[in-house]
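Please open the model in your viewer and keep the selection tool at hand. Each stop on this tour says what to select and what can be found there.

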Amino acid sequence: VEDIELALTALPAFSALLSSSDPKAFQSYCKLTHQLLQVFTRLLASPATTGTEERALEVFMDLASDNSTFFRRSFTSFSEVALDTLASDTIEDDRAEWLIEFLTSMAEGNKRQALADNRFARAIIDTLLHWGLKVEEDEGALSKEATDPFALEDDDVEQVKFALEALQRLFTALTAQALLPAMSNAVQPFLANNAWRHKFVALLALAQLCENLPKMENPEE
């Protein structure tokens, strides 16, 4: 907790360091970023249990939403920690939703870094397909649902909306055309799956993609 409080105290200094051309300032920025990454990793390793930890997560979210330059030099480091946490089988839904919001906000402010990161686009789209759209992994449940393709629960509908909103934000920020290869690769296993829910998820995502692709003015040419 002391490390978290120290990191939070140091955060206001970042704005000055980021705008400075002084080599020493850049070295300080790199050192602080490394320390904050360690704090971020520890925070995600377990649910926030104290007011300080909850405030720390709020600060990270505020930085992702309102200070696009903050993660410019450390986009891959923070996104990798977040994506690895999302991939955990034991992650709680609230924490997963927080991470999706964090990653989406960070990408919106760092388009170049997000597109240059070879892992980011495919991983965040996979996450939205598997978790955000609540694809049921239990084969027994899937076989039952296959008899009723309208068996979505209210919670599922909310997750679908959340995932589609996140996809729309990514398409707007990074462009659907740039995300087309990652989306194509991600939906293929869903389309090949016999479970109706997998196909449903894939078609929703593809429809969202198509709505954001450039329209052809002269299809015959």
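**Before selecting anything**

This is a predicted model, in which local features need pLDDT of at least 70 and side-chain atom pairs count only at pLDDT 80 or more, while totals for chains, interfaces and linings use all residues. Residues are numbered from 1 along each chain as its sequence is written, and side-chain values use heavy atoms, with hydrogens and water left out.

**The whole chain**

Of the 221 residues, 42% count as buried, where buried means under 20% relative accessible area, exposed means over 50%, and partly exposed lies in between, with a 1.4 Å probe and protein chains only. Among contacts (heavy atoms within 4.5 Å) between residues at least 6 apart in sequence, 74% join residues at least 24 apart.

**Helices α5 and α6**

Next, select residues 75-86, which form α5, and residues 93-109, which form α6. Their axes, which are lines fitted to C-alpha atoms over the stretch in contact, come within 10 Å and cross at roughly 155 degrees, on a scale that runs from 0 to 180 degrees between N-to-C directions. That makes α5 roughly antiparallel to α6, since angles over 145 degrees count as roughly antiparallel. Show the side chains as well: among those that meet are Phe75, Phe78 and Leu83 in α5, and Leu99, Phe102 and Met106 in α6. By class, this contact has twelve nonpolar, two polar and no charged residues, with Ala, Val, Leu, Ile, Met, Phe, Trp, Tyr, Cys and Pro counted as nonpolar, Asp, Glu, Lys and Arg as charged, and the others, Gly among them, as polar.

Now centre the view on Leu103. Leaving aside its neighbours within four places in sequence, Leu103 is in contact with Ser79, Ala82, Leu83, Leu86, Phe120 and Ile124.

**The largest nonpolar core**

Which residues touch the most other members of the largest nonpolar core? Select Phe60, Phe71, Trp98, Phe102, Leu103 and Phe120, which do so in a core of 60 residues; such a core is a set of buried Ala, Val, Leu, Ile, Met, Phe, Trp, Tyr and Cys residues joined through side-chain atoms within 4.5 Å. The elements that give two or more residues to this core include α3 (23-45), α4 (51-66) and α8 (120-132), while α10 gives the most, with ten residues.

**Helices α11 and α12**

Select α11 (176-192) and α12 (196-212), whose axes come within 9 Å and cross at roughly 165 degrees. That makes α11 roughly antiparallel to α12. Among the residues that meet are Leu180, Met183 and Phe190 in α11, and Val201, Leu206 and Leu209 in α12. By class, the contact has 13 nonpolar, two polar and one charged residues.

**Two loop residues**

Finish at Thr175, in the loop between α10 and α11. Most residues other than glycine have a negative phi, but Thr175 has a positive phi of about 75 degrees. With 31% relative accessibility, Thr175 counts as partly exposed.

Note on methods:
Helix = DSSP H or I, 4+ residues; strand = E, 2+ residues; numbered from the N terminus. Parallel < 35°, antiparallel > 145°, perpendicular 65-115°, else oblique.
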